[in-house]
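Below is a colleague's note for someone meeting this structure for the first time. Please read the numbered points alongside the display.

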Amino acid sequence: MSVNKYFLNYPHYIQTQVMQLIQSNKVKTYLSNKYPTPHNINSDKALYQYANDLKQQYLRNTPQISKALYEKQKDLIQNALGTHTFISRNHGGKLKSKHEIRIAQSLKSAPSEMLKMLVVHELAHFKEKDHNYS
Ligand SMILES: [Zn+2]
């Protein structure tokens, strides 16, 4: 059994730990012990507010968030937990851009750290559109 693709770039000992957790079916227990506090961001409106607050705090000079919402996982690309969409449109001679953040609905019941990690990741795409794989 090969290590989960998400951990390929981690040190070997972490890959081993992850595999042991997966094989002994203890991932959930491990995570809920480590991150016991759930978030209370339960609506799209609250998600927008939450993302916007983080943006104001850490990424002031970036474009406005047009939309932030929870979306069913199957509608997100390749089982992603979050996506960032940047749309640039010519609107009556003016270039209008929209930045949208979508977070998997399953994360409504995630620990607060996990939601924060994803929202921060998607916000980072406001500055850096693509992943740097090098
Ligand atoms: Zn990304």
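**Notes on the predicted model**

1. Ile103 touches Leu47, Tyr70, Gly82, Leu118 and Val119, leaving aside residues up to four places away in sequence; two residues are in contact if their C-beta atoms, placed from the backbone, lie within 7 Å. Residues are numbered from 1 along each chain as its sequence is written. The model is predicted, and local features need pLDDT of at least 70, side-chain atom pairs count only at pLDDT 80 or more, and totals for chains, interfaces and linings use all residues.

2. From the N terminus on, the elements follow the order α-α-α-β-β-β-α, with 4 helices and 3 strands in the chain. Helices (H or I, at least four residues) and strands (E, at least two) are DSSP runs, numbered from the N terminus.

3. Ile103 also belongs, with Ala51, Ile101, Leu107, Leu115 and Val119, to the residues that have the most contacts inside the largest nonpolar core, a set of 14 residues. Helix H3 (44-58), strand S3 (94-104) and helix H4 (112-124) each supply at least two residues of this core, and H4 gives the most, with 4 residues. A nonpolar core here is a set of buried Ala, Val, Leu, Ile, Met, Phe, Trp, Tyr and Cys residues joined through C-beta atoms within 7 Å. A residue is buried if 20 or more other C-beta atoms lie within 10 Å of its own, exposed if 12 or fewer, and partly exposed in between, with C-beta atoms placed from the backbone.

4. Which residues of H4 are buried? They are Leu115, Leu118, Val119, Glu122 and Leu123, and because they cover an arc of only 135 degrees around the axis, they lie on the same side of H4; the arc is that of the directions from the helix axis to the C-beta atoms. The buried residues of H4 pack against H3, strand S2 (82-91) and S3.

5. The 3 strands form an open sheet in the order S1-S3-S2, with mixed pairing, where two strands pair if DSSP finds at least two bridges between them. Strand S1 (67-71) and S2 are the edge strands, each pairing on one side only. S1 and S3 run parallel and are joined by 5 bridges, and Lys67 has Glu100 as its bridge partner in S3. H3 packs on the sheet, touching S1 and S3, and its direction makes about 130 degrees with that of S1; axes are lines fitted to C-alpha atoms, for helices over the stretch in contact, and angles run from 0 to 180 degrees between N-to-C directions.
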